[in-house]
Amino acid sequence: MEATDIWTLTSAALVLIMTPGLALFYGGLVRVRSVVNMMLFSLSAMGVVGVLWILFGYSMSVLGDGDGWFAGNPLRDFGLATTDPGEFIGVGFGAVFAMITTALISGAIADRVGLGSWVLFSGVWASLVYFPVAAWVWGGGWIASLGTWLGTPDVIDLAGGTAIHINAGAAALALALVVGKRRDFARGAHRPHSIPLVTIGAALLWFGWIGFNAGLATDAGTAGLILVNTLGSPAAAIIGWLATDALRGRKPGVIGAASGAVAGLVAITPAAANLAPGFALLLGLLAGAACAFAIDWKFRLGYDDSLDVVGLHLVAGVLGTVYLGFFAFGDGLFTGGDGGLLLVQVLSVVAVAGYSFIASLVIAFGVKTLTGLRVPAEIEERGIDSAAHGEEAYALENTAGDR
């Protein structure tokens, strides 16, 4: 086995742990009566998307001869029946990216959507949005070819600023709009129930993000640059978030620090192999500050993005992708380029965000027609966990049968 194969296999394991880490992160952010439901959304996404990826998702994410521009033929290699085993490590690496991308969306709908509705949405969304967009960006599709067509540098998206974070963030906004607000939606009404869970989840996300970004490196020098940038950007983003809160007269807290780290990780995702470390620090600082402001948009604009998927992933994803147009090695507007890279970066952002938002609206309305999407008001008021799942996050009292 080649060293690169070993590293890709290791990186896939690192990325795999990110989705359970996301479950902990999201689970800590919700109220205690919704923890099971929230964590189950992430775990069910692993199940649904993992199965679909093997059946036809991988085939859709790679464009072959005669496939056109939208996506690969889903029946070309159904169930990976004819795939060369030598490709399976790459197939598995792609699968874990698909899992966490879909799971990210669920943070927008905490406390009010049933598992069946989420499973249906996640399966259709992965099939009609994530798999095709992955083909556009990484599978030989039109975004990958945009620079050639326009005579500019190629679009840079190392690990998914467009395909993952902008894609999931736009979908989260669409889904939140269709689902509607929580019954008691208001600033300060939904306080995180477990800061320790949030901290553990953020730690696992940062740990896995090393594989998320550096898993795509092909040599030690590139891997080292990606590692340094994947450490530096979120570190600076923590400072940016906390400083922004302090300047606004808000008390610094763990939730802000953890959210800042995630903002910096999202922002560096497309850019980690193409920025000098100093520019990665600046990106992180900007992402922390921008996202600290962006999470308040939901109160000003009146949409209920429960756990700030839009404010973190969409905003930081756009920032990191466009930032490359200014500061990427050689081709950035301020690093020797002529604006061509900035043009294609912006076009890729607009295309993915627009397609994901519109397609997600259609899917969400379709699911709402079939299932109602939201749980009944009395279940939302009482809490989804015990009513819908028969489990509670914390069993603090023993019954006679437990002794």
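Q: What is the volume of the second largest pocket?
A: Welcome! This is a predicted model, in which local features need pLDDT of at least 70 and side-chain atom pairs count only at pLDDT 80 or more, while totals for chains, interfaces and linings use all residues. Residues are numbered from 1 along each chain as its sequence is written, and side-chain values use heavy atoms, without hydrogens and water. A pocket is an open set of points on a 1 Å grid over the protein atoms alone, with protein on both sides within 12 Å along at least five of seven lines; with points joined across faces, edges and corners, and volume taken as the space filled by probe spheres set on them, the second largest pocket has about 360 Å³.

Q: Which residues are closest to the centre of the second largest pocket?
A: Lining residues have an atom within 4 Å of a point, and 15 residues line this pocket. The closest to its centre are W53, G90, G94, W138 and L216.

Q: Which helix gives the most to the lining of the second largest pocket?
A: Helices here are DSSP runs (H or I, at least four residues), numbered from the N terminus. At least two lining residues come from each of α3 (35–60), α4 (88–105) and α5 (115–138). With five residues, the top contributor is α4.

Q: How many charged residues are in the lining of the second largest pocket?
A: Asp, Glu, Lys and Arg count as charged; Ala, Val, Leu, Ile, Met, Phe, Trp, Tyr, Cys and Pro as nonpolar; the others, Gly among them, as polar. The lining divides into 11 nonpolar residues, four polar ones and, as for charged ones, none.

Q: Which residues of the largest pocket are closest to its centre?
A: Let's move on to the largest pocket, which holds about 990 Å³ of space. Its lining has 33 residues, and the closest to the centre are H190, P192, I255, I295 and D308.

Q: Which helix supplies the largest share of the lining of the largest pocket?
A: The lining draws at least two residues from each of α2 (18–29), α9 (220–247), α10 (254–268) and α12 (297–301). It includes 15 nonpolar, six polar and 12 charged residues. The largest share, four residues, belongs to α10.

Q: What is the volume of the largest cavity?
A: A cavity is a set of grid points where a 1.4 Å probe fits but cannot get out. The count comes to one cavity of 30 Å³ or more. The volume of the largest cavity is about 100 Å³.

Q: Which helix supplies the largest share of the lining of the largest cavity?
A: The lining divides into 14 nonpolar residues, two polar and one charged. Helices that each supply at least two of its residues include α7 (161–179), α8 (195–214) and α13 (309–327). The largest share, four residues, comes from α2.
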